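Here's a friendly walk through one model, for anyone seeing it for the first time. Take a look, then read on.

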Amino acid sequence: MNPSNDLRISTVQGATLWHDPAGNRDYYGELIAPLRGITDVVVLPETFTSGFSNDAIDRAEGMDGPTVAWMREQAAALDAAVTGSVQLRTPEGVFNRMLWATPDGALAHYDKRHLFRYAGEHKRYAPGRERVSVDWRGWRINLQVCYDLRFPVFCRNRYDAERPGRLDFDLQIFVANWPAARAYAWKTLLRARAIENLCYVAGVNRVGRDGNDLDYAGDSVVLDFAGKPLAESADHEVVSTTTLRAEALHAFHEHFPAMLDADRFALDGLPAGEALPRR
């Protein structure tokens, strides 16, 4: 069964300040303040308090630090879930952790599994192990971070595996710091994930130039289950709110049930689901 109610999602495409957590909390706080009462989910970019920097590890906060508290405060103020990733220190190491805060004070998180070897992220940060999906206002939402986008097996939306008789999730969110030099891959892979996973996809990237002199073109987007854009952003600061239609998702699955023909497989930390009967 698909969700019965629509879901409003706001993508927040900003120019993250370099190594300035307090400044970024103020900056993004001002951007999202007008969203109270008009959205259900607010999506900030990857590493939105610092920019994508290996050097930020030295000032990584803990789960009891100001950014986690700020996320909870924003969720309560906006009456919406607020998500985005930050570098967070734990006894197991520092993770690129995607937080999911809700108005009731609850907090979930997903630790980035695929660390960006090309930039040396894997040398300083700890990899996540488990895929994480959250339930929110009748929707099942899968959380992913940047480089995860290149690994379709980990992103795969399976049928009758995590939820009996249903796909694993209805919406997949990618938060990113994806440089303009690889913008074509960003745009192409987001569409591929939506098409193959038969779900809505939201990809949120930053804009501007960072402290490594890398430029970011934004290209944040909300896609439907056929890979068609519902909202697209260019290379400037922008906050965009889009309504995801539950009935449209249900009708598409009824009309084009490709999930019933998908291959079964197992993945670390995930159930494989029951095998389909032979025909």
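Is Tyr200 buried or exposed? At 2% relative accessibility, Tyr200 counts as buried, because the cut-off for that label is under 20%. Keep in mind that this is a predicted model.

Tyr200 has a partner. Its ring and that of Trp139 have their centres 5.8 Å apart, with the planes at 50°, so this pair is tilted. The two come from distant parts of the chain: Trp139 sits in strand S7 and Tyr200 in strand S9, 61 residues apart. Trp139 counts as buried too, at 1% relative accessibility. Both belong to one aromatic cluster, together with Phe225, Phe252 and Phe256.

Another tilted pair is made by Trp178 and Trp186, at 5.4 Å from centre to centre and 45° between the planes. Both of these tryptophans are buried. The aromatic pairs come to 12 by count.

## The open sheet

Now for the strands. Six of them make an open sheet with mixed pairing, and the order is S6-S7-S8-S9-S12-S13. At the edges you'll find S6 (132–136) and S13 (229–232), each pairing on one side only. On average, neighbouring strands here are turned by 15° against each other, ignoring direction. As background, strands of a sheet pair through backbone hydrogen bonds, either parallel or antiparallel.

Zoom in on S8 (residues 171–175) and S9 (residues 200–204): they run parallel, joined by five bridges. Gln172 stands opposite Val201 in S9. Helix H5 (residues 183–197) packs on the sheet, where it touches S8, S9, S12 (221–223) and S13. The direction of H5 makes about 160° with that of S9.

## Nonpolar cores

The largest nonpolar core holds 49 residues. Which of them touch the most other members? They are Ile9, Val41, Trp100, Trp139, Ile141, Leu171 and Ile173. Then there's a second, separate core of 20 residues, with Val42, Phe48, Val86 and Leu88 among them. In soluble globular proteins, nonpolar side chains tend to be buried together.

Setting aside its neighbours within four places in sequence, Ile141 is in contact with residues including Leu7, Val41, Trp100, Phe169, Leu171 and Ile173. Its contacts also include Val132, Ser133, Val134 and Trp136.

Helix H6 (residues 246–255) has Ala246, Leu249, Phe252 and His253 as its buried residues. Looking down the axis of H6, you'd see these buried residues fall within an arc of 130°, so they line one face of the helix. An α-helix has 3.6 residues a turn, so residues three or four places apart point the same way.

What covers that buried side? Strand S7 (139–145), S9 and strand S14 (238–244) are included in the cover over the buried residues of H6. The face of H6 turned away from its buried side carries the exposed residues Glu247, Glu254 and His255.

Most residues other than glycine have a negative phi. Asp213 isn't a glycine, yet its phi is positive, at about 60°. Asp219 also has a positive phi of about 60° without being a glycine.

Where are they? Asp213 is in the loop between strand S10 (207–209) and strand S11 (215–217), and Asp219 lies in the loop between S11 and S12. Asp213 is exposed, with a relative accessible area of 56%, whereas Asp219 is buried, at 17%.

Definitions and conventions: Residues are numbered from 1 along each chain as its sequence is written. This is a predicted model: local features need pLDDT of at least 70, side-chain atom pairs count only at pLDDT 80 or more; totals for chains, interfaces and linings use all residues. Side-chain values use heavy atoms; hydrogens and water are left out. Two strands pair if DSSP finds at least two bridges between them. Helices (H or I, at least four residues) and strands (E, at least two) are DSSP runs, numbered from the N terminus. Axes are lines fitted to C-alpha atoms, for helices over the stretch in contact, and angles run from 0 to 180 degrees between N-to-C directions. Contact means heavy atoms within 4.5 Å. A nonpolar core is a set of buried Ala, Val, Leu, Ile, Met, Phe, Trp, Tyr and Cys residues joined through side-chain atoms within 4.5 Å. Buried means under 20% relative accessible area, exposed over 50%, partly exposed in between (1.4 Å probe, protein chains only). The arc is that of the directions from the helix axis to the C-beta atoms. Rings of Phe, Tyr and Trp (its six-membered ring) pair if their centres lie within 6.5 Å; planes under 30 degrees apart count as stacked, over 60 as edge-to-face and the rest as tilted.
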